[in-house]
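The sequence and structure are shown first.

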Amino acid sequence: MHATIQKPIEEIVDHIDPKEKVFVVGCYNCAWKCHSGGPEETEAMAGRLIARGVQVVGYATPGPQGMSLCKLDNTRKVLKEDYSEQTRQADAFLVLACGQGIHTVIDATDGSMVHPGCDTIFGGETVSATDIEEFCSLCGECVIEGTGGLCPMTLCSKQLLNGPCGGAENGHCEVDTEKPCGWILIYERLKKLGRIDLLDPYRKPKNHAKWSRPRRLRVGPDEATFVSLAGKHTVNNRN
């Protein structure tokens with residue numbers, strides 16, 4: 001999921017022109033789980049804006065529960081059909097979601113003005129209802145086959161690929177002393193799995209061109225193509 005946190009209300013209001021009529025849009029998936037843009041927060045944001053003199057013409061969190069705002073056809077239907085009367089009055093949309101959701105609103109409303117209501121922090125695992133942890137850096141080139149499924153790009157502060165730096169103290173990272181050393185976590189996991197041997201091979205430097213932005217993914221039932229500055233990479237899903 002994409003972890004998000006609401007921007008300070010003062011920052012949001014500062015970017016809204018006093019003459020603008022605003023429609024507030026939330027997300028019933030990731031932002032809902034982060035309590036940054038679910039139905040409750042979306043309605044509350046409308047009220048907070050009205051209390052500060054902003055002209056709010058409506059609000060919506062496209063459902064059903066679990067539906068991501070970045071599902072374009074659903075968001076388009078909700079904004080262009082279900083809430084057409086209100087959205088036609090809107091000069092801009094305040095979006096309580098990640099950057100993907102914000103761009104979906106642009107596409108769903110044929111290029112309308114948008115204001116971000118959240119900061120997108122990272123892609124993470126929903127460990128519990130209150131804890132979201134980052135375990136993947138979305139780098140486009142997974143190296144976790146040799147690390148027991150734990151990503152050194154994410155768990156190691158120095159993003160080292162071939163073992164620890166040696167600076168850990170009492171099992172904790174020297175860069176961020178509040179978190180465990182990623183490479184100690186990897187070692188302990190491989191030891192538990194009986195696969196310490198996976199640490200032996202040298203890992204070549206990653207191709208950071210696969211981490212370039214923007215990237216594209218074209219998907220189909222038979223094959224998928226990933227496009228980055230590293231070129232096109234197509235895989236067959238059937239053979």
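Two strands are said to pair if DSSP finds at least two bridges between them. Helices (H or I, at least four residues) and strands (E, at least two) are DSSP runs, numbered from the N terminus. By this definition, strand S10 (residues 223-228) and strand S11 (residues 231-236) are antiparallel partners, joined over 6 bridges. Val 227 has Lys 232 in S11 as its bridge partner.

The model is predicted, with local features requiring pLDDT of at least 70 and side-chain atom pairs counted only at pLDDT 80 or more, while totals for chains, interfaces and linings use all residues. Residues are numbered from 1 along each chain as its sequence is written, and side-chain values use heavy atoms, with hydrogens and water left out.

**Overall make-up**

The protein has 8 helices and 11 strands. Its C-alpha atoms fill a box of roughly 65 × 45 × 30 Å along the principal axes. Of the 239 residues, 38% count as buried; buried means under 20% relative accessible area, exposed over 50%, and partly exposed in between (1.4 Å probe, protein chains only). Contact means heavy atoms within 4.5 Å. Among contacts with a separation of 6 or more, 56% join residues 24 or more positions apart.

**The parallel sheet**

An open sheet is formed by 4 strands in the order S3-S2-S4-S5, with parallel pairing. Strand S3 (55-60) and strand S5 (113-116) are its edge strands, each pairing on one side only. From one strand to the next the twist averages 25 degrees. Axes here are lines fitted to C-alpha atoms, for helices over the stretch in contact, and angles run from 0 to 180 degrees between N-to-C directions. Strand S4 (residues 92-96) runs parallel to S5 and is joined to S5 by 4 bridges. Within this pair, Leu 94 stands opposite His 115 of S5. Helix H3 (residues 39-51) lies across strand S2 (21-26), S3 and S4, at about 175 degrees to S3.

Ser 36 sits in the loop between H2 and H3. Is Ser 36 buried or exposed? Ser 36 counts as buried because its relative accessibility is 1%. Leaving out residues up to four places away in sequence, Ser 36 touches Thr 4, Ile 5, Gln 6, Ala 31, Glu 41, Leu 96 and Cys 118.

**Pockets and cavity**

Rolling a probe the size of a water molecule over the atoms shows where empty space is left. On a 1 Å grid over the protein atoms alone, a cavity is a set of points where a 1.4 Å probe fits but cannot get out, and a pocket is an open set with protein on both sides within 12 Å along at least five of seven lines; lining residues have an atom within 4 Å of a point. Grid points are joined across faces, edges and corners, and a volume is the space filled by probe spheres set on the points. For the lining classes, Ala, Val, Leu, Ile, Met, Phe, Trp, Tyr, Cys and Pro count as nonpolar, Asp, Glu, Lys and Arg as charged, and the others, Gly among them, as polar.

| Space | Volume | Lining by class |
|---|---|---|
| Largest pocket | about 870 Å³ | 14 nonpolar, 9 polar, 4 charged residues |
| Second largest pocket | about 210 Å³ | 5 nonpolar, 2 polar, 3 charged residues |
| Largest cavity | about 110 Å³ | 10 nonpolar, 3 polar, 2 charged residues |

The largest pocket has a volume of about 870 Å³. Its lining holds 27 residues, of which His 2, Gln 100, Leu 138, Arg 213 and Arg 215 are the closest to the centre. Two or more lining residues come from each of helix H2 (30-33), helix H6 (99-108), strand S6 (118-123) and strand S9 (216-219). The most come from S6, with 4 residues.

Leu 138 lies in the loop between strand S8 (132-133) and H7. Leu 138 counts as partly exposed because its relative accessibility is 43%. Beyond neighbours within four places in sequence, Leu 138 is in contact with Trp 211 and Arg 215. Leu 138 and Lys 232 lie 94 residues apart in sequence and 17 Å apart in space, C-alpha to C-alpha.

The second largest pocket has Phe 122, Glu 133, Phe 135 and Lys 179 among its lining residues. Helix H7 (152-155) and helix H8 (182-193) each supply at least two residues of this lining.

The search of the whole structure finds 1 cavity of 30 Å³ or more. Of its 15 lining residues, Cys 156, Cys 165, Cys 173, Glu 174 and Cys 181 are the closest to the centre.
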